[in-house]
Amino acid sequence: MQLKEKEWQKSLTQMPSKKPVYLFYGEEDFLIDCEIEKLKASLKPFLCESIDGEREDAETAVIEGIRTPPMFGSSKLMLVKNLKNGDSMIDSIKEMADSVGLIFIAEKVDKRSKFFKFISSIGEV
């Protein structure tokens, strides 16, 4: 979700609906961080895991995180920053448990990519 100041102010009054996957993108880091904190507060995950998408094994780490259920039947939220290509994760995301949520954060996205189109269809961009 590319945020601009007016949209951000409007979104402060709205509580987000629960989606399995969120994608935030843009150059406004502060606004994105505020939206993520608001989302965390509404979802109240038991565990919040952060993954740097620039790591060599980032996609593997995300897939393992998706497949690993949260402890004690609670919820888990995974934050993935600057992922280069997520096409290999699509099948894992389709099979993701309801107790796991994903938030992808990027400065720029390719709206023509298979991954972007998939995220747009099941989540919120």
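Modeller: A salt bridge is taken here as a side-chain nitrogen of Lys or Arg within 4 Å of a carboxyl oxygen of Asp or Glu. The model is predicted: local features need pLDDT of at least 70, side-chain atom pairs count only at pLDDT 80 or more, and totals for chains, interfaces and linings use all residues. Residues are numbered from 1 along each chain as its sequence is written, and side-chain values use heavy atoms, with hydrogens and water left out.

Colleague: How many salt bridges does this rule give?

Modeller: One of them joins the side chains of Asp-57 and Arg-55, at 3.0 Å from N to O. Another joins Arg-112 and Asp-110, also at 3.0 Å from N to O. By the rule, the count comes to four.

Colleague: Which residue forms a salt bridge with Glu-37?

Modeller: Helices are DSSP runs of H or I with at least four residues, strands are runs of E with at least two, and both are numbered from the N terminus. The closest N and O atoms are 3.4 Å apart, and the partner is Lys-40.

Colleague: What volume does the largest pocket have?

Modeller: Rolling a probe the size of a water molecule over the atoms shows where empty space is left. On a 1 Å grid over the protein atoms alone, a pocket is an open set of points where a 1.4 Å probe fits, with protein on both sides within 12 Å along at least five of seven lines; lining residues have an atom within 4 Å of a point. Grid points are joined across faces, edges and corners, and the volume is the space filled by probe spheres set on the points. For the largest pocket this space is about 310 Å³.

Colleague: Which element supplies the largest share of the lining of the largest pocket?

Modeller: The lining has 18 residues, and those closest to the pocket centre are Leu-83, Lys-84, Ala-106, Lys-108 and Val-109. At least two lining residues come from each of β4 (100–106) and α5 (114–122). The largest share, three residues, comes from β4.
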